[in-house]
Amino acid sequence: MIRCCCIHVWTSGFVDMYDVPHFIKTLKYDVRIVMSVPKITAHGKSKKLRAYKIEPPRDAPVTWYRTTALEKLRKYGAIYLTPFSHRLAEEIDDPELQRLRCRVNYHALQFKPNIMKTSSDIVNKLRSEGHFMSIHLRFELDMLAYAGCIDIFTPKEQEILLKYREENFANKTLVYKKRRLIGKCPLTPEEVGLIIRAMGFDNTTRIYLASGKLFGGERFMKPFKAMFPRLENNSMIGSGKLEEDNRGLARSAVDYMVCLLSDIFMPTYDGPSNFANNLMGHRLYYGFRTTITPNRKALAPIFMDMEEGRASGYEERIRQVMFNTHFGAPHKRIHPESFYTNSWPECFCQMKAGNQADRCPPDNVNDVLESQFQNKEDVEAEATNQTDSTSSMETGV
């Protein structure tokens, strides 16, 4: 068992979003989780232990945690790691640590019951009319400013994007055509529509749209809606059951679950997007569910030709690009593909494996672990009693 105290996470939005008892129960054989920092007693006085703040380097190796972080933990008694996202290297030569990542992401992290219920209601309503596709449309202010792809917007919109970029991202000169050609520009709603239409989906296709507030508004959505009018989102279905929150986290959580359970999922921008990357990995983990992943770099010349009036044969060109993908099938992870996008084969067990470590756990794995855990506690308790008994005999008590 890895012994650690998980602190401060509870004071963030974690307790509002996730089923905490389930999280603790699922990981109790891996880590020791506490809800608050314990008090310490010194010189007859008790005070709350204060966590020492550490900023982990991005993609830090395991050795950093076993040396630098551990030294601080021993010195101060508690440490506070922030920021936390992507602070551990993805490629680790330790199969059990990789599997632990998947236990956390795909088993321990479960949304609260009200979010799960709302998500289920939406999926059931969509499924009542047949299969449906979900699309994560990443065409929002922050992502467009980050990508630096602003030439398609009006002068006023460009001013807003440049101001946001200046305030939130490093100063860097970005050229639209160069960004476009290397696949760094998010797809527009119209381009997404052209892709799925070229793949054979018609205007009867039911689509659930997961997104924040689209930048540019209706002007960019109008062509998409003309191609695919059967469009839904969480504000159209069941949104009244969601508890309002300042950051829209509940709605994002519902979007995540609906996309996870949809028949087909399509992320339109899988760059620095935890939502899309985690979903792709989650769908792969749960039965290799169909995922359409556009190759923006390969598609860029086609759409740039269309922008300049050379649209001849664009549908066939799109099809040639799109049908050369995995569609959620198992495939070897090759850099720069993320472990969170594709954890195969580390996190996938085998029913008939030659290596014991690769075999699937039994269906009653919790009962087995509970029995082993109880036996270990009984042995430790017996050893402690024997030690106490020996000490008593030696001191004549």
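A polar contact here is a pair of N or O atoms within 3.5 Å; within protein, one has to be able to donate a hydrogen and the other to accept it, and residues adjacent in sequence count only if both atoms are side-chain atoms.

Quick housekeeping. This is a predicted model, where local features need pLDDT of at least 70 and side-chain atom pairs count only at pLDDT 80 or more, while totals for chains, interfaces and linings use all residues. Residues are numbered from 1 along each chain as its sequence is written, and side-chain values use heavy atoms, with hydrogens and water left out.

Back to Arg-87. It counts as buried because its relative accessibility is 16% (buried is under 20% relative accessible area, exposed over 50%, partly exposed in between, with a 1.4 Å probe and protein chains only). Its C-alpha sits 4.5 Å from that of Arg-58, 29 residues apart along the chain. Beyond neighbours within four places in sequence, Arg-87 has contacts, meaning heavy atoms within 4.5 Å, with residues including Pro-56, Arg-58 and Tyr-65.

Now the other arginine, Arg-206. At 7% relative accessibility, Arg-206 is buried too. Its side chain makes a 3.3 Å polar contact with the side chain of Glu-129. Leaving out neighbours within four places, the residues in contact with Arg-206 include His-131, Phe-132, Arg-230 and Glu-232.

And which residues does Ile-195 touch, not counting those up to four places away in sequence? Among them are Leu-187, Met-266, Phe-303 and Met-322.
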